Amino acid sequence: MSTAVPPPSRKEILSLFRSFLRSSRQFSDYNIREYTKRRTIDAFHHNKTLSNPTSISAAFADGKYQLQVAKRQALVYYFYSPKVKSIMDIKY
Amino acid sequence: MASKIISATIRRSLSPRTLPHIRPLSTAAAVTAAAEPYDETAGISMKGVKISGRPLYLDMQATSPVDPRVLDAMLPYFVSRYGNPHSRTHLYGWESDEAVEAARAQVANLINASPKEIVFTSGATECNNISVKGVMHFYKEKKKHVITTQTEHKCVLDSCRHLQQEGFDVTYLPVKSDGLIDLNELRSSIRTNTGLVSVMAVNNEIGVIQPMEEIGQICKEFNIPFHTDAAQALGKIPIDVNKWNVSLMSLSGHKVYGPKGVGALYMRRRPRIRVEPQMNGGGQERGIRSGTVPTPLVVGMGAACELAMKEMEYDEKRVTELKDRLLNGIRAKLDGVVVNGSTESRYAGNLNLSFAYVEGESLLMGLKEVAVSSGSACTSASLEPSYVLRALGVDEDMAHTSIRFGIGRFTTEEEIDKAVELTVNQVEKLREMSPLYEMVKEGIDIKSIQWSQH
């Protein structure tokens with residue numbers, strides 16, 4: 001039964017990473033934006049050392065799901081963002 | 001027509017972001033959009049205070065922002081899957097019930113309990129009420145005594161006061177100056193008719209972590225139910241109901257980056273603890289808490305708990321680093337800064353500082369760009385200093401100037417740096433104006449002054 005899905009290639013992983021960062025830039029909320037960026041970088045760093053192909057595929061699938069969550073929520077946060085921005089966005 | 005507007009807005013939003021502070025147009029405004037000149041100096045003016053933007057949020061103990069992943073899990077249950085989980089006859093009810101049970105398992109996993117031991121309520125306050133009053137009313141024939149601490153949350157203390165009016169005895173254990181209770185005092189205050197010991201795991205004002213395992217051991221020895229208010233502890237420190245030997249635990253949704261209005265009560269099944277329900281009705285939640293279970297909120301709490309389990313280590317490391325950054329940053333520029341509560345047995349995300357020779361209200365009024373709370377958050381309506389700080393034995397003047405910084409998952413280094421800068425500026429400004437501080441700098445001991453009566 002084992003039609004093993006091949007683990008994602010380096011190019012696919014990098015593309016996912018870039019999509020995450022792109023999506024994080026679209027959050028209108030300062031805290032969520034910074035968190036998404038930081039968490040993506042830390043998560044990909046942490047998973048860099050994974051060697052088992054099943055765990056790599058699992059992490060990649062989870063990453064793709066989280067990317068969809070991030071894209072949806074970026075829209076929701078955009079539609080409901082407050083008129084006045086956070087102090088951190090104004091001063092910096 | 002509406003879909004055209006929505007797709008136009010979506011296209012605009014997915015295009016490369018330019019300036020993050022352009023005021024976004026809502027879909028309604030997109031129709032009538034003349035070029036409204038946006039006003040960067042607009043800012044907010046509320047309650048007589050003018051600030052240029054939304055303050056940076058450092059009050060995580062009061063509540064926490066909802067994580068976008070939690071919101072994503074909740075939205076389908078507002079939009080399309082809006083059934084009542086207790087409807088047994090159609091798809092809406094079945095899928096809603098499935099979601100509630102899945103959330104129950106997620107909450108149970110975080111505290112190493114079985115899903116059958118979790119009851120969903122409207123929040124930790126309701127859980128505390130059920131635990132304290134419910135247990136004592138159920139066992140009121142034989143058990144007449146409750147032990148709690150002086151630093152508990154207001155809802156526990158108020159429930160105990162209510163019990164006292166009904167004729168029960170309550171012992172309020174004092175705390176040492178670091179905020180922890182003395183285990184020998186606990187042991188000596190146990191009587192044969194003690195029905196409940198209630199000690200909160202992580203204090204909401206000072207952040208100290210009580211010795212839960214030891215208290216659990218003592219309660220097991222004397223066979224007394226052990227209740228803990230773990231609202232602030234959930235998702236932040238590892239909780240294991242078997243290691244702690246708790247019979248009842250109150251959990252809150254909005255302290256773990258979940259929605260407000262939901263909580264969970266853990267009730268041990270072996271040995272079974274019985275309570276008298278405080279909300280009577282159709283017998284939902286095994287009769288403990290009747291009323292429709294709010295599916296979206298419960299799903300949110302479940303998602304938040306699952307996230308907390310995955311992220312606990314990462315968050316904890318980060319929060320500790322940020323706390324060190326904050327404390328060292330403030331201590332580098334100011335003296336006379338005291339941390340209230342034990343520094344060892346403490347949750348890092350709660351930093352309660354007292355600044356000497358500074359008046360608390362004026363300090364808070366100057367810190368309007370940082371959302372922090374003074375030590376007396378729960379009693380903020382009155383002018384008296386927090387009862388928790390008073391129980392620690394902190395002097396009145398230091399208790400008045402306490403500030404509680406709450407650091408969480410979404411706090412950034414820049415926010416911490418800015419908070420340090422604003423706090424240091426404000427404290428220096430106030431101390432500059434203070435004649436008391438001048439006297440201290442000259443070397444006069446304030447306590448030895450004889451203030452004359454006029």
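Tutor: Helices (H or I, at least four residues) and strands (E, at least two) are DSSP runs, numbered from the N terminus. The model under discussion is predicted.

Student: Where does B:Asn112 lie, then?

Tutor: B:Asn112 sits in the loop of chain B between α5 (91–110) and β4 (118–121). The phi of B:Asn112 is near 60°, a positive value in a residue other than glycine.

Student: Is that residue buried, partly exposed or exposed?

Tutor: B:Asn112 has 41% relative accessibility and therefore counts as partly exposed.

Student: And what is the phi of B:Tyr357?

Tutor: Although B:Tyr357 is not a glycine, its phi is positive, at about 65°. B:Tyr357 belongs to the loop between β12 (350–355) and α12 (360–366) of chain B. At 36% relative accessibility, B:Tyr357 counts as partly exposed.

Student: Turning to the sheet, in what order do the four strands of chain B come?

Tutor: The order is β11-β12-β15-β14, in an open sheet with antiparallel pairing.

Student: Which strands stand at the edges?

Tutor: β11 (337–339) and β14 (373–374) of chain B do; each has a single partner strand, so one side of each is left without a neighbour in the sheet.

Student: How many bridges join β12(B) to β15 of chain B?

Tutor: Five bridges join these antiparallel strands, β15 covering residues 402–406. B:Leu351 stands opposite B:Phe405 in β15(B).

Student: Which strands does α11(B) lie across?

Tutor: α11(B) lies across β11, β12 and β15 of chain B, and runs at about 10° to β12(B).

Student: Lastly, what kind of peptide bond joins B:Arg270 and B:Pro271?

Tutor: That bond is cis, with omega about 0°. B:Pro271 is in the loop between β10 (263–267) and α11 (295–333) of chain B.

Methods:
Residues are numbered from 1 along each chain as its sequence is written. Chains are lettered from A and ligands numbered from 1 in the order in which they are written. This is a predicted model: local features need pLDDT of at least 70, side-chain atom pairs count only at pLDDT 80 or more; totals for chains, interfaces and linings use all residues. Side-chain values use heavy atoms; hydrogens and water are left out. Buried means under 20% relative accessible area, exposed over 50%, partly exposed in between (1.4 Å probe, protein chains only). Two strands pair if DSSP finds at least two bridges between them. Contact means heavy atoms within 4.5 Å. Axes are lines fitted to C-alpha atoms, for helices over the stretch in contact, and angles run from 0 to 180 degrees between N-to-C directions.
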